[in-house]
Amino acid sequence: MNNTHVFVGYYTMELMVLGNPITEDTMKGMPEYRNKTTITRTDKAHKALIKKNVAEAQAFEYMENLKMEECDCDAVITLGSIYNATGGTITYSVKHDFSGKLGTYPVKIENGQFAVFKQTGKDGSCGAVVYWGTNKNGKACDWMFSWSHPTNEDDKVHTLPRYFEFVLLVLLLV
């Protein structure tokens, strides 16, 4: 197993955030944007969506490694990833464990990056995390991601606001 994927009892930002940020500087280095005077959030968000598959492959590989780690075999495990394609950076605000225990989150997820998390619990896994940033109109916005992975019931995922434009929550339920 690659050492960058080893769980050591806590998460660090370097281990949890995957993918290269798509910033204005990144865009200016691309031939189609080299002579463009204004690069908008929508331009950056669109480019992040186009490049999502590369970061997604890294995130799923990381999640598979997390799944293989030694853990309590009786626990319910939820592995999740959040992809940011808002055109800007989103910043961690708060988390809540309703059932199970969640690690820490990266403080920032830049445009074009995935953040990966793991939650485990004896009677299921249920939690939420909130990130804030700016929407496509330049207004402050919070994005809440919540999930429920109970032992003997249907799984649920919920994202607010519903017009969440370009922020994705992907869960791998184990």
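**A strand and its surroundings**

Modeller: Valine 116 touches Met16, Leu18, Ala59, Tyr62, Met63, Leu66, Gly80 and Ser81, leaving aside residues up to four places away in sequence, where contact means heavy atoms within 4.5 Å. This is a predicted model, in which local features need pLDDT of at least 70 and side-chain atom pairs count only at pLDDT 80 or more, while totals for chains, interfaces and linings use all residues. Residues are numbered from 1 along each chain as its sequence is written, and side-chain values use heavy atoms, with hydrogens and water left out.

Strand E6 covers residues 113–121, and eight of its nine residues are buried; buried means under 20% relative accessible area, with a 1.4 Å probe and protein chains only. Strands are DSSP runs of E with at least two residues, helices are runs of H or I with at least four, and both are numbered from the N terminus.

Strand E2 (residues 76–84) pairs with E6 in the antiparallel sense over nine bridges, pairing requiring that DSSP finds at least two bridges between the strands, and glycine 80 has phenylalanine 117 as its bridge partner in E6. Strand E1 (residues 17–18) is also antiparallel to E6, over two bridges, with leucine 18 opposite phenylalanine 114.

Val116 is, with Met27 and Tyr83, among the residues with the most contacts inside the largest nonpolar core, which has 18 residues; such a core is a set of buried Ala, Val, Leu, Ile, Met, Phe, Trp, Tyr and Cys residues joined through side-chain atoms within 4.5 Å. Helix H4 (52–68), E2 and E6 each supply at least two residues of this core, and H4 gives the most, with five. Apart from it lies another core of 14 residues, including Phe117 and Trp143.

Methods
Buried < 20%, exposed > 50% of the residue type's maximum accessible area, 1.4 Å probe, protein only.
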